[in-house]
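Biologist: Hi! I'm new to this one, could you walk me through how the chains meet?
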Amino acid sequence: MELIGAIITLLGSFVLLVASIGLVRMPDVYNRLQVGTKATTLGTIMSLIGLVFLMPQWWGKLILLIFFVMMTSPVSAHVLARASYFIKIPFSSRTVVDKMKVNAKAMKIEHEKK
Amino acid sequence: MSFLIITVLLGAVMLAMAFIAIYHKKLIVAVIATGALGLFASILYLLLAAPDVAMTEAAIGSGLTTIIFFYVLNRIRTDAKEEENEA
Amino acid sequence: MEYITLITGFLIILAGLWAIMTRKNIIRIIIGFVIFDTGLHIVMVSIAYVRGGTAPILDGSVSIADAAQKIVDPVPQALVLTAIVIGLGVTALMLAYAMKLHQEKKSLNIESFKDLKW
Amino acid sequence: MNKLFILIIIVALGSMLYPLVSSFDGNSELSSLAQFYAQPDNISKVNSPNLVTAIVVTYRGLDTMGEVTILFLTAAIIAFFLKKGGTTRTLRLNSEIFKTSAKLLVPIIVMLGVYIFINGHLSPGGGFQGGAVIASAVILMLLASPNTKLKHNFFEALESTSGLVFVGLAALGALLGLGYLDNAILPLGEFGKLFSAGAIPVIYSFVGLKVGAELSNILNKFQSVQSDK
Amino acid sequence: MVNTILTIAVAIILLSIAITLIRFVIGKTSVDRVIAFDVMTVGSIAFIGILAYLTQRVIYLDVAIVYGLLGFLAVIIIAKYLEKSL
């Protein structure tokens, strides 16, 4: 039981290592964003699940922590990707599909009165 | 023993962050580096067995300070000319 | 371990002082102040560390009877807790002044503020 | 030339700090003051598992009171300085994902802040951290929907009421003959339970509400003076 | 045995934070640096969790929750600043 948890934690840390290597090697901002969200979320969640196996009496706080990571990390990456699209950071030369261009007309501007 | 190595690494990373925060050309990168300095300081407090201080540093020293800095930067929006002026 | 954190804290204090003294942009001076503050807190917490000690919170792993042998010093930690919050207040106040100064002169270079009053 | 002079000053200061490092040889036991706080009968007199909270709220409670006063002064000066500009701003529409998740997250974050300052005597955390977390919930709400108006009257009433209750609870200890800011005005309870440690959770909760309201006010001031170029 | 494996895991996480620092230093645009900051935050959460096991104190997990929350908020506010719609 404890050994299983330790091995899952080790696998999670390997996923984090892969994520950081990908962060250095990827060609443009959007690819780096994808690596920096998906892989790190998976790695952190795997590490925490391994800790649940290791220490079953801590499950409440660990599940809360996993919930927080799953809720916050993709949302922040989404907001960041949208911002970097709007300030026109160039794509890599191998990108072929741009679906935001199709419905760019639907992005209205919000007026705020003070 | 392993904590000693972790402490040395964290100290080196924090000094690098302080260097970036002082010398980088873009103001926004300097502010992000200051926030990262606070985050690493928070881990250092955990290693020094002070979880109360670590929580305060993560919430206030790193989070809210960065937020206030960005509100001010958004109000100011220094253009590139002024940045050259500074060096 | 506490030696290394102590030396790191002192080096960060010196780096913050260097930033305060040499930079010309007001925002950078405030960043130097924040760095200085962080270094000071690291020094105070590392002075409080007791070798092999654990956090001063008594639960299942530390009982009341052996508290005096196991925990680290809680007094400097309480002081640092106060100091961090006051640091936020001072930083917010300095940033509000900086905003006001930029409204007046449209510049943040500290060389351009030479008037005795404004 | 000027930089050389500053460098000499910094190096001189560093060499002045060097004896502090070389004479420091680590602590192998607690100092006498902390030894007094960590004695078993003194711990059971306060009955709070978190010793840092015990020091912040009771032994050195006057420090906390001064700190809250400083925060109040800061909020007042910032509110005096930053006047609202009468401009119309154009902002980009937030995406649906961000709005929905903010709606979902704000109550959870407020609940987390309340948990942090109610459990201040059992786990790390307390009034200041909980207040900062509540202020971060307010700022997330302002980011997700910039058109919402915060109710200033509510926050000001909350802040002044909590400050009054804090000072009143402190003075009640003196009136009952126990000492200013003593925590034994309420029953001490069982060690390590939620309803224990006398007045410490009550006082820390009101400190948390006050700090949260003040920080929200400061951040809202900084947000409301933004203008378009 | 378990402690050895977890020490190796801590070493790997620290290595990944160090590699992320390369991107923080060389990154061309500001968005790259923000992504590196985010990755460092999320990696540190796993680090704090393992540290809580190694020192056998459950209270450290509270710190990790606050840590993740404020890191998320900082990233969002930087994104809104870059978008010029703060």
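Modeller: Happy to; we can go through the chain contacts one pair at a time.

Modeller: This is a predicted model, where local features need pLDDT of at least 70, side-chain atom pairs count only at pLDDT 80 or more, and totals for chains, interfaces and linings use all residues. Residues are numbered from 1 along each chain as its sequence is written, chains are lettered from A and ligands numbered from 1 in the order in which they are written, and side-chain values use heavy atoms, with hydrogens and water left out.

Biologist: Thanks! How many residues do chain C and chain B bring to their contact?

Modeller: Chain C brings 46 residues and chain B brings 47, where contact means heavy atoms within 4.5 Å. About 4,100 Å² is buried between them, with 76% from carbon and sulfur atoms; buried area is the accessible area (1.4 Å probe) that two parts lose on being put together, summed over both.

Biologist: Which three residues supply more of the area chain C buries there than any other three?

Modeller: C:M1, C:R28 and C:I31, with 16% of it.

Biologist: And how many salt bridges are there between chain C and chain B?

Modeller: The rule finds 0; a salt bridge needs a side-chain nitrogen of Lys or Arg within 4 Å of a carboxyl oxygen of Asp or Glu.

Biologist: OK, switching to chain D. What does its contact with chain B look like in numbers?

Modeller: There, 18 residues of chain D are in contact with 15 residues of chain B. The buried area is about 1,500 Å², and carbon and sulfur atoms give 66% of it. D:Q129, D:F222 and D:Q226 supply 30% of what chain D buries against chain B, more than any other three residues.

Biologist: How many salt bridges does that interface have?

Modeller: Again the count for chain D and chain B is 0.

Biologist: What about chain A, how far is it from chain B and chain C?

Modeller: No contact joins chain A and chain B, and their closest C-alpha atoms lie 15 Å apart. Chain A and chain C do not touch either, with nearest C-alpha atoms 12 Å apart.

Biologist: Last one: how do α2(B) and α2(E) cross?

Modeller: Their axes come within 11 Å and cross at roughly 5°; axes are lines fitted to C-alpha atoms, for helices over the stretch in contact, and angles run from 0 to 180 degrees between N-to-C directions. Therefore α2(B) and α2(E) are roughly parallel, the word for angles under 35 degrees. Helices here are DSSP runs (H or I, at least four residues), numbered from the N terminus.

Note on methods
Helices (H or I, at least four residues) and strands (E, at least two) are DSSP runs, numbered from the N terminus. Angles under 35 degrees count as roughly parallel, over 145 as roughly antiparallel, 65 to 115 as roughly perpendicular and the rest as oblique.
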